[in-house]
Amino acid sequence: MQHRKPSYKTQSFIFLWVLSNVLVLATSKSTIEPCSNSDSCNAMLGYKVYTELKVSEVASLFQVDPISILTANAIDISYPDVENHILPSDLFLKIPINCSCVDGIRKSVSTHYKTRPSDTLASIADSVYSGLVSADQIREANSISDPSVLDVGQSLVVPLPCTCFNGTDNSLPAIYLSYVVTPEDSLAGIAARYLTTLTDLMNVNAMGSSAVKASDIISIPLPACASNFPSYAADHGLIVPNGSYAITASHCLQCSCGPGSLNLYCEPASLAVSCSSMQCKNSNLMVGNITAQQTSAGCNVSSCNYGGFVNGSIITTLSTSLRPRCPGPQQFPPLKAPPTSVIRDATFAPAPAPQSDGSIAGAPQSTVPSTTSSSLPGLAPIGGPSGSSSAACSLVTPLTNLPSAVLLLLCVKFMMANL
């Protein structure tokens with residue numbers, strides 16, 4: 001029996017079906033957090049430096065303090081001219097940002113980018129901002145009707161992903177890192193790298209399965225030390241990821257978290273200038289000072305603690321307590337020298353296989369103030385981050401940078417088949 005060649009109309013339908021499946025396979029998922037109020041929180045972005053850039057240039061891309069980037073990554077800021085230190089291409093950094101509630105979801109909209117002659121929305125999204133945003137998201141945020149026409153020097157809002165979940169994970173303080181999945185990643189590997197569990201990551205990101213693929217954006221809870229400063233303090237809501245630092249109070253104080261503790265510890269930043277008094281009232285103790293005296297009843301401990309930055313003044317509180325044992329010396333997160341090359345360790349590299357270990361030892365140094373899947377959205381989690389007022393949900397966002405060569409090749413093959 002002679003088989004009839006499918007009609008042109010049938011072939012067209014088949015081609016469109018194949019093309020639509022290619023497009024579906026090219027989608028990436030991003031975790032979003034619905035919200036309904038105007039509050040904000042501290043959050044983190046996982047960013048890969050797309051070319052050699054100074055610390056200040058990276059800071060400029062996100063409109064954040066260069067010192068905040070260094071301290072968030074436990075990089076020693078006592079090095080001379082550290083803000084102009086050149087960071088190597090492909091270096092992975094945690095970028096601290098403010099996460100707001102915009103149009104009913106959590107996102108950061110404080111980042112603006114000034115276009116250059118060679119820029120396209122795809123290059124800005126995929127290269128400059130390392131896949132943290134899509135070209136379509138930039139186009140929509142800036143009401144761009146023709147994305148092929150960009151004016152040089154045009155200022156674009158760059159909406160970036162973030163989540164808050166009330167600053168907790170399983171009822172413990174946490175700050176959330178928005179992380180772009182790499183081709184080498186698995187969810188189990190990411191969980192191991194960031195010292196959490198596969199179940200926790202699946203719950204946080206409302207995932208029905210553990211499958212992830214390159215360009216997905218997931219939220220990773222990082223254990224953290226949370227402050228309890230009053231709502232009227234300029235640094236209200238300060239939260240510091242375990243193993244890192246933060247500079248606050250107009251660069252006068254340095255706060256650290258860990259290791260082995262989720263209690264925020266603040267002390268004067270060395271060589272800080274033009275700072276208000278850091279001494280506790282009715283005491284000779286300065287912020288960060290602790291005295292301990294062993295008695296027959298236990299250990300009398302007095303400490304001068306930081307209470308927030310209010311109207312340009314450093315608030316201090318004096319606390320006394322009787323403890324069974326006297327505390328040992330304060331432990332600090334190890335500091336790293338400003339990186340000059342990409343190293344695959346626990347802080348700077350994308351998540352490898354779970355068995356990798358990249359601990360680094362060191363001692364804190366002085367600081368100085370700044371001078372410059374094709375599946376539908378995931379199922380609801382068994383139990384989201386404890387204490388969160390809004391559940392996460394998976395958002396399927398089409399990639400706008402499907403290689404045009406692939407589509408062109410499909411078109412050519414289709415047309416040649418009909419000659």
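In what order do the three strands of the open sheet lie, and is their pairing parallel or antiparallel? I looked this up in a predicted model, where local features need pLDDT of at least 70, side-chain atom pairs count only at pLDDT 80 or more, and totals for chains, interfaces and linings use all residues. Residues are numbered from 1 along each chain as its sequence is written, and side-chain values use heavy atoms, with hydrogens and water left out.

I find the order 14-15-16 with antiparallel pairing, where strands are DSSP runs (E, at least two residues) numbered from the N terminus and two strands pair if DSSP finds at least two bridges between them. Strand 14 (244-248) and strand 16 (265-268) are the edge strands, each pairing on one side only. Strand 14 is joined to strand 15 (residues 253-257) by five bridges, and I note Y245 opposite S256 of strand 15.

**Disulfides.** My search of the whole structure gives eight disulfides, counted as pairs of cysteine sulfur atoms within 2.5 Å. One of them joins C225 to C257 with the sulfur atoms 2.1 Å apart, and it is right-handed because the torsion about the S-S bond is about 75°. C225 sits in strand 12 (residues 217-226) and C257 in strand 15, 32 residues apart. C225 is buried at 0% relative accessibility, the class being under 20% relative accessible area, with exposed over 50% and partly exposed in between (1.4 Å probe, protein chains only).

I also checked C299 and C326, whose sulfur atoms are 2.0 Å apart; C299 is buried at 0%, whereas C326, at 30%, counts as partly exposed.

Methods
Helices (H or I, at least four residues) and strands (E, at least two) are DSSP runs, numbered from the N terminus.
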